[in-house]
Amino acid sequence: MSVNNISNNTLGTELPRHIAIIMDGNNRWAKARRLPGLAGHRAGVESVRQVIEGCIEQGVESLTLFAFSSENWRRPALEVKGLMELFMRALEREARKLEKNGIRLHIIGDRSRFSASLQRKMEEVETLTAGNTTLNLNIAANYGGRWDITQAAAAIARDCVAGTLDPDAVDEALFDGYCMLSDQPKPDLCIRTAGEQRISNFLIWQLAYTELYFADCFWPDFGKHELNAAIRDYCGRQRRFGKTSEQIEAERGA
């Protein structure tokens with residue numbers, strides 16, 4: 001499915017500049033195949049590769065993947081340990097590919113709970129890819145939307161106490177600058193796999209006007225075809241941002 005095919009079957013909505021994805025269902029995918037949970041996470045890595053390629057082909061500017069939430073530490077210790085090892089191996093194996101393909105890696109979330117070696121590897125790959133412009137790949141790791149808002153509020157409070165910020169100057173635009181991903185367009189489309197229909201503390205601030213799309217398949221079964229189906233669905237919607245349909249149509253015709 002090409003960009004032109006998607007664009008020609010729309011209500012006029014532009015292709016999404018920023019796609020966010022809650023990658024759900026790895027464990028259930030593995031359980032259905034009588035495999036250990038980590039097998040599902042490993043299979044999910046290939047879906048990540050396909051979605052990255054698909055986003056580049058469709059001209060998407062930013063892709064944000066919810067890899068590990070702040071609540072995921074509650075999972076069995078063996079699974080968490082395996083996820084951390086998988087994360088490290090993925091960074092080691094994919095770093096040069098990211099750099100070669102012009103992909104800028106940015107990891108958002110509280111890194112303090114990760115091992116020192118994993119934190120160093122994150123910084124290393126971010127530095128290696130910092131100048132790339134083909135795609136912003138944001139990985140949310142030990143991330144939570146409430147944490148994001150809280151850390152922004154705390155940073156603003158510190159600046160006010162230090163006298164570098166006037167409390168009366170705090171508005172939505174300023175607050176946004178203290179949140180994660182403030183240097184990128186807000187997500188246009190948020191996809192969640194595995195049939196669940198909630199955002200699970202993901203990008204709460206950033207998703208205020210984002211279109212939501214829920215796919216029934218587990219994450220390891222989500223590839224380019226499913227990504228293009230989500231984009232096609234998005235392009236068939238009319239985004240009004242508080243305006244009426246008539247206003248939107250008049251603006252399109254102007």
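Student: In which helix is Lys97 found?
Tutor: The model is predicted, so local features need pLDDT of at least 70 and side-chain atom pairs count only at pLDDT 80 or more, while totals for chains, interfaces and linings use all residues. Residues are numbered from 1 along each chain as its sequence is written, and side-chain values use heavy atoms, with hydrogens and water left out. Helices (H or I, at least four residues) and strands (E, at least two) are DSSP runs numbered from the N terminus. On that numbering, Lys97 belongs to helix H4.

Student: What is the relative accessible area of Lys97?
Tutor: Buried means under 20% relative accessible area, exposed over 50%, and partly exposed in between (1.4 Å probe, protein chains only). Lys97 is partly exposed, because its relative accessible area is 45%.

Student: What separates the C-alpha atoms of Lys97 and Phe66?
Tutor: Along the chain, Lys97 and Phe66 are 31 residues apart.

Student: Is Gly54 buried or exposed?
Tutor: Gly54 is part of helix H3. Its relative accessibility is 3%, so Gly54 counts as buried.

Student: Which residues does Gly54 touch, not counting residues up to four places away in sequence?
Tutor: Contact is heavy atoms within 4.5 Å. Thr210 is 156 residues from Gly54 in sequence and 20 Å from it in space, C-alpha to C-alpha. The residues that Gly54 touches, not counting those up to four places away in sequence, are Lys224 and Leu227.

Student: Which residue of E4 is the bridge partner of His106?
Tutor: E3 is mostly covered, with 5 of its 6 residues buried. Strands pair if DSSP finds at least two bridges between them; E3 and E4 pair in the parallel sense over 6 bridges. Within E4, the bridge partner of His106 is Asn138.

Student: Why does Gln184 count as buried?
Tutor: Gln184 sits in the loop between helix H7 (172-178) and strand E5 (189-192). Not counting residues up to four places away in sequence, Gln184 touches His18, Ser62, Arg104, His106, Asn136 and Asn138. Gln184 counts as buried because its relative accessibility is 5%.

Student: How many residues are in the second, separate core?
Tutor: Ile22, Ile108, Tyr143 and Met180 are among its members. The size of this second core is 12 residues.

Student: With which residues is Ile21 in contact, leaving aside its neighbours within four places in sequence?
Tutor: Ile21 is one of the residues with the most contacts inside the largest nonpolar core. Leaving aside neighbours within four places in sequence, Ile21 is in contact with Val51, Leu63, Thr64, Leu65, Phe66, Ile191, Phe202 and Trp219.

Student: What is the phi of Ala194?
Tutor: Ala194 is in the loop between E5 and strand E6 (211-214). It is buried, with a relative accessible area of 8%. Although Ala194 is not a glycine, its phi is positive, at about 75 degrees.

Student: What is the phi of Leu203?
Tutor: Leu203 has its place in the loop between E5 and E6. At 0% relative accessibility, Leu203 counts as buried. Leu203 is not a glycine, yet its phi is positive, at about 50 degrees.

Definitions and conventions: A nonpolar core is a set of buried Ala, Val, Leu, Ile, Met, Phe, Trp, Tyr and Cys residues joined through side-chain atoms within 4.5 Å.
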